[in-house]
Amino acid sequence: MKIAQELAPAKEQGGRRRGRELKTSVAERLAEARRHTLKLIEPLSHEQLNRVYSPILSPLIWDLGHIANFEELWLVRKIGGREPLRGDLGELYDAIEQPRKIRGELPILRADEVRPYMEGVRERTLEVLDEVELDPEDPLLADGFVYEMLLAHEHQHNETMLQLLQMVESYEPVEVDSGPASEAVTDGPDMVEVEGGTYEIGAGPRGFAYDNERPSHQMELEPFAIDRTPVTNAAYIEFLEDTDGEPPMYWERDGEGGWVRTAMGRTEPVDPALPVIHVSWEEADAFARWAGKRLPTEIEWEVAAAGADRDRANLDQLSFGCAPAGAYGDAPADSGAVQMLGDVWEWTSSDFTAHPGFEAFPYPEYSEVFFGDTYKVLRGGAWATRRDVIRTSFRNWDLAERRQIFAGLRCASG
Ligand SMILES: [Fe+2]
């Protein structure tokens, strides 16, 4: 009893210290996320920020206001219990209420107003962070969940912003990481074998993950094989020539029977060694059939990706393109497959549905409203995904016809 009494204050102190450390790290990561967002838009004019480039993508100025408004909703209003800076903004920046095609016409904050709003919200976020107790009994606050969610939100919007930046004529990034492009390519078999058996799928109860990755559960799998690397442009060109299919987005004929890429207003030859990117699910599925294979299920994909290392992968946005297929051979998944994480999102054959035992958290609009047979699951992240976002259990989803996302594929058989 005596010992317990003496230990209790020490435990409390330890808890407080851990809480302070967590808050410091959250504040630093929030600042880093914002620097990154601003870096992406730094080269753009007001006109480019406001322009609607595509009915399926928001103008960048909407993303900026939305990032700050979502932060205000969760970190200032819900956690801090404070009133919004501008009560009329919530409706304009609600991603469910406002479809992308009309966002450019809304009375949203424009270039001269949005930055002060972002800064005003951030100031209050940091005040609230300073005051709040990260109560381990509150699922929103335990391990800083809501802060992790907001960090991931800003990171994920950076990727949709990059989808639009592919359409911006002569966009010049302020920082480029050329490392991934020069990664050595390793040789190996075309496909790797994965044994049948019982596998643990999904994210465990600890650490940050989205509701749709939980709960972790066991699945029986038949043996299968999966491509060791993502499908290359070279293979995709063969498929196009054989089937007269639609080329990927941003490909045009070069006038001499070859192909060029035109993303970000540039014209450069299609590099046969790179993974194919910007293909739809329909095209990916057609390719797999043409190759005498099929798309993997998302469960097969997750099993084949076990052990993949996100620190040795082309992620984090600054490479502005893929590493060659077969790169990062020193960091394969346990299955032997390489580049399961990074480079291109990989289409799977699976519809976006709930894991058995799913519970919506912290709000049904994150995943639950999208469950059904409308969306296909993509896995693994792309060069345009921030490193902190991705893990082997992470599930992305989109419509089968969509190609503006950074999506490619690898095939399975068996
Ligand atoms: Fe959002």
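1. Confidence. The mean pLDDT of the chain is 95, and 98% of its residues reach 70 or more; pLDDT is the predictor's confidence in each residue, from 0 to 100. Residues 1-5 have a pLDDT below 50, and beyond near neighbours in sequence this stretch has 0 contacts in the model, a contact being heavy atoms within 4.5 Å. Where pLDDT is low, the predicted coordinates should not be read in detail.

2. Basis of the values. This is a predicted model, in which local features need pLDDT of at least 70 and side-chain atom pairs count only at pLDDT 80 or more, while totals for chains, interfaces and linings use all residues. Residues are numbered from 1 along each chain as its sequence is written, and side-chain values use heavy atoms, with hydrogens and water left out.

3. Iron site. The iron ion has as protein donors H66 (NE2), H153 (NE2) and H157 (NE2), lying 2.2 Å from it. Donors are N, O and S atoms within 2.8 Å of the metal (3.2 Å for Na, K and Ca); water is not among the atoms, so sites may look incomplete. Along the chain, the donors follow the spacing H-x86-H-x3-H.

4. Helices (H or I, at least four residues) and strands (E, at least two) are DSSP runs, numbered from the N terminus. An α-helix has 3.6 residues a turn, so residues three or four places apart point the same way. H153 and H157 are both buried; buried means under 20% relative accessible area, exposed over 50%, and partly exposed in between (1.4 Å probe, protein chains only).

5. Helix α9. In helix α9 (residues 298-305), 8 of the 8 residues are buried, so the helix is largely enclosed by the rest of the structure. Among these buried residues are E298, E300 and E302, together with W301. G307 follows α9 and has a positive phi, near 90 degrees.

6. Open sheet. Three elements, in the order β5-β6-β7, form an open sheet of 3 strands with antiparallel pairing. Its edge strands are β5 (251-253) and β7 (268-269), each of which pairs on one side only. Two strands pair if DSSP finds at least two bridges between them; β5 and β6 (residues 259-261) are joined by 3 bridges. R253 stands opposite W259 in β6.

7. Residue A360. The loop between β8 (345-351) and β9 (375-379) contains A360, which counts as partly exposed at 33% relative accessibility. Leaving aside neighbours within four places in sequence, A360 is in contact with D211 and E368. A360 and E193 are 167 residues apart in sequence and 35 Å apart in space, C-alpha to C-alpha.
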